[in-house]
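Hi,

Here's the structure I said I'd pass along.

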Amino acid sequence: MEENNKDKEKNGMPRFNLTWLYVILLIVLGIAWFSSSDDSASKSATYTEFKEYVEKGYANKIVANKDEGSLKMYVTTEHIRDVFKSDAKTTGLQPYITVQYGSMDKLDEFLEQQTEAGNFKGDVSFERANGILTSILFNIVPILLFFFFISFMFRRMGSGVGGGSGIFNVGRSKARLVEKDEKTRVTFKDVAGQEGAKEEVQEIVDFLKKPDKYTKLGGKIPKGALLVGPPGTGKTLLAKAVAGEADVPFFSLSGSDFVEMFVGVGASRVRDLFRQAKEKAPCIIFIDEIDAIGRARSKNSAMGGNDERESTLNQLLTEMDGFGTNSGVIIMAATNRVDILDKALLRAGRFDRQIHVDLPDLNERKEIFNVHLRPIRLDNTVDVDLLARQTPGFSGADIANVCNEAALIAARHSKSYVGRQDFLDAVDRIIGGLEKKTKILTAEEKRSIAIHEAGHATISWFCKHANPLVKVTIVPRGRALGAAWYMPEERQITTKEQMLDEMCATLGGRAAEELFIQHISTGAMNDLERVTKQAYGMIAYAGMSEKLYNLCYYNNEEYSFSKPYSEATAQLIDEEVKKMIAEQYERAKTILSEHKEGHAALAQLLIEREVIFAEDVERIFGKRPWVSRSDEILDKVENLQVEKDDDETKTKELPEKSAADKEIKEEQSNE
């Protein structure tokens, strides 16, 4: 292009510029304006003179303006000299007089009389005010706007050639490039936990730093790595850390960035992305939420399938492992729905390895807490071990939310530091919802809720494998009218006995209602939903039924429209579910009947105090018959009850760590 422009300049040809277009447009509009202007003579006259002219038959036509209260009387050709004292060559072909009139009704009446008398034979028309500015606005401005729009589109097209977002640039990649020398890069130090995932991606870093170490032995650098895990576990952060550690350029974009309303844009953006990556090699391409374009292709694409998405996926498959070579380009992707991805995308040679980024375990949650607690002003009551125990199943994003919520709660109470109770309140707020102190409950409803929650607490206290109780509350929170909080043990596998004990504890609320109130309520609906799902999972998936022993009917096919079992088997599954739930319900009623005095005392304490803790339950029932590792940790929570005044919140300090706690830590470190 530059050579062509230089040749034109040498030949004396001027380069095209939009300014010439604007000048030509203005000249044309000016000629049209002045050529269409009326150069006929005009003069003002009184209403009396106007009436005389009309009566003498001088009027050719009359144009009245209602808004301004004026009219124009065009004079007939033969009477121009009588009115203007000159001929038509001087006044023009359509001279007129302007007259101000008072009443429109009287004007109409006068003109009707003159028409009947034969003095006026012309036409009468009416118009609104239309000055020069209005004429320009309605006649010239739309034309100018049109040409400005054309000019704007040309400019966008021109800028698109150099990498903008013009109409001819819609097929270019939207990937954000992070250069290797940027100061804001992320490293493995910024990623807490996920030690196993970091070990796997460390190999990718070594490939990028020292490729000769592997290629000289005949090995090939892997094409791609797929990060798989639940939302909020740090997949995107881990990919950025890989690029930061390897000190290479990093292309980052989402799977939805390939999707566009124009046909063929997705495939074009894939080609442009890999073209840029080859220029920057060695580098990393990171595609977040790849399931947006990597979903399994349907067999009947013509019947509701998205051909544009499939063509984008086909282009991605070709670029990752086709006839072309992408040496030095490693593709990393993240998804939490690996089960719906196309099998061709997951094969070796494209995504050579799948790296599972799971929810953090206990030790990893401690590390994540330590990272997010750095900018927070803490007092000496905060125990990271306790917080990690209180947040099972929390992702890294959830833990960051807990820390932020705790700081907000402390600020809401005008505290100088964030304490342990603020973190516990934050966990309750995130799990159970906002505490609704203004919800009004009748005495009967409060008693019913207390008996229900006391039923959960009683059953969990006497079931060996049930999770240890932390506290019970009947303060409405979120959509729940009451809740029992537990400290679950983190298990890699769960036995049938453990699941049955948890099911029995979940049914304790409904069983307590039936035994001690003699009627059941809708308060147990969530409990019944959890129990039903758990029972179906145990029988249909885990093979924990006597009549359907060692059978699993789990089906992961996305386009399957039939159950993988017969109607007779479905009926048998339903019967086994009913039998299992009925057995645990009767077991819960039996345990409650054996400890009805303690249950009644627990319910009454709940009515009086609204919140009770594990030490209150221990005071009523005594020590649990079975001691688990979580029970030993609960010794550190014996002072959870906090005395709250209107002006300030007082907290008790944690007791010193017991020998049992040290043994648990040693076991965890050994594991």
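Before the numbers, one cut-off: a residue is called buried when its relative accessible area is under 20%. On that basis, 41% of the 671 residues in the chain are buried. Bear in mind that this is a predicted model.

Overall, the chain has 28 helices and 14 strands. If you take the contacts with a separation of 6 or more, 74% of them join residues 24 or more positions apart.

Helix α20 (residues 443-462) packs against helix α26 (residues 614-621) at an angle of about 70°, and their axes are 11 Å apart. Angles of 65 to 115 degrees count as roughly perpendicular, so that is the label for α20 and α26. On the α20 side the contact uses Thr458, Trp461 and Phe462, while α26 brings Ala614, Val617, Glu618 and Phe621. By type, that contact has 5 nonpolar residues, 1 polar and 1 charged.

So what's buried in α26? The buried residues there are Ala614, Glu615, Asp616, Val617 and Phe621. Ala614, Val617 and Phe621 also belong to the contact with α20. The cover over the buried residues of α26 includes α20, along with β12 (469-473), α25 (596-609) and β14 (611-613).

Cheers

Methods. Residues are numbered from 1 along each chain as its sequence is written. This is a predicted model: local features need pLDDT of at least 70, side-chain atom pairs count only at pLDDT 80 or more; totals for chains, interfaces and linings use all residues. Side-chain values use heavy atoms; hydrogens and water are left out. Helices (H or I, at least four residues) and strands (E, at least two) are DSSP runs, numbered from the N terminus. Buried means under 20% relative accessible area, exposed over 50%, partly exposed in between (1.4 Å probe, protein chains only). Contact means heavy atoms within 4.5 Å. Axes are lines fitted to C-alpha atoms, for helices over the stretch in contact, and angles run from 0 to 180 degrees between N-to-C directions. Angles under 35 degrees count as roughly parallel, over 145 as roughly antiparallel, 65 to 115 as roughly perpendicular and the rest as oblique. Ala, Val, Leu, Ile, Met, Phe, Trp, Tyr, Cys and Pro count as nonpolar, Asp, Glu, Lys and Arg as charged, and the others, Gly among them, as polar.
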